[in-house]
Amino acid sequence: MNGVDVMDLIKQYIIALTNLYGQVSVDLVTEIYNSQNEDQLSADDVEVYFDEDLSKQYVYAYKDHFVHEAIIEHKEFKSMRKKKADKPYYIPDKEELLKYSDMLYYEKPKQYDDLMKYVKKNFFPNDHEKAEMLCENMMWKCRDDFRPAEAFELFNTFEINFKDEKQVNEIMQLVMDLSNNIRIWENNGHTPNEIFEKFEKPNLRPLPDKPFNLGGSNVIDMKTRQKVGRNDPCPCGSGKRYKKCCLGKDEN
């Protein structure tokens, strides 16, 4: 491999690892590159790219790291490092890793296909393109600091009307399943489910104890799947009757 090819490959690794992890140190770029290639680098070989303009790839140099533009803009370098803490890094093989040098690339898990099938069947049976657009937008939202309210905002944007509470809970279960199986920066490229299974249970994103209701008092207990009456125990787990606890909040 000639010098130009090596330089191009180093740049691809820097961009790919920044897209996968959000921010990556010079030492880690060097370590991963050397583990996947016969020619070996030193940290100095990687540091020279601090002087190269990678802004078109949304990559910037900051404190001996290559950092994604989104983290720089929101001044989240320190907070992201804290979230990453001592979590292990997900390191795919070379072929898969270099796909991340394309900023639009993302790995589609099975849960994406499950959501796509549901959306096509129930909302856009004759419009594959619109169904795909919704699911791709949802996937990108799941990569960020995801909240269920953002999912409903996206559904509203696509003018989706849910027929009942059952359908709301079905679609939100699919969305949360997708959210738990997306590779995210704060987990160093691992999915929340991988971190849960292998390392840290608290990082799994669970469905809330309270249901995703459409308003009023037609609340469904997620455990029993039964409608909650005014005098029934509140599904939030407080031990109080529903009318004395969350009824007013739900109606607001």
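**Exercise 1. Find what covers the buried residues of helix 9.**

Solution. Start with the cover: it includes helix 8 and helix 10. Helices here are DSSP runs of H or I with at least four residues, and strands are E runs of at least two, numbered from the N terminus. Next, list the buried residues of helix 9: Glu 150, Ala 151, Leu 154 and Phe 155. Buried means under 20% relative accessible area, exposed means over 50%, and partly exposed lies in between (1.4 Å probe, protein chains only). Now look around the axis. These residues cover an arc of only 145°, so they sit on the same side of helix 9. The arc is taken from the directions that run from the helix axis to the C-beta atoms. Finally, step just past helix 9: Glu 159 has a positive phi of about 55°.

This is a predicted model: local features need pLDDT of at least 70, side-chain atom pairs count only at pLDDT 80 or more, and totals for chains, interfaces and linings use all residues. Residues are numbered from 1 along each chain as its sequence is written, and side-chain values use heavy atoms, with hydrogens and water left out.

**Exercise 2. Describe the largest nonpolar core.**

Solution. First, the term. A nonpolar core is a set of buried Ala, Val, Leu, Ile, Met, Phe, Trp, Tyr and Cys residues joined through side-chain atoms within 4.5 Å. The largest one has 30 residues. Leu 115, Val 119, Met 138, Phe 155 and Ile 171 have the most contacts inside it. Then find the suppliers. Helix 7 (110–122), helix 8 (128–143), helix 9 (148–157) and helix 10 (165–179) each give at least two residues. Helix 10 gives the most, with 7 residues. A second, separate core has 26 residues, including Leu 17, Tyr 21, Tyr 33 and Leu 98.

**Exercise 3. List the contacts of Val 119, leaving aside its neighbours within four places in sequence.**

Solution. Contact means heavy atoms within 4.5 Å. Val 119 touches Phe 124, Ala 131, Leu 134, Cys 135 and Ile 171 in this way.
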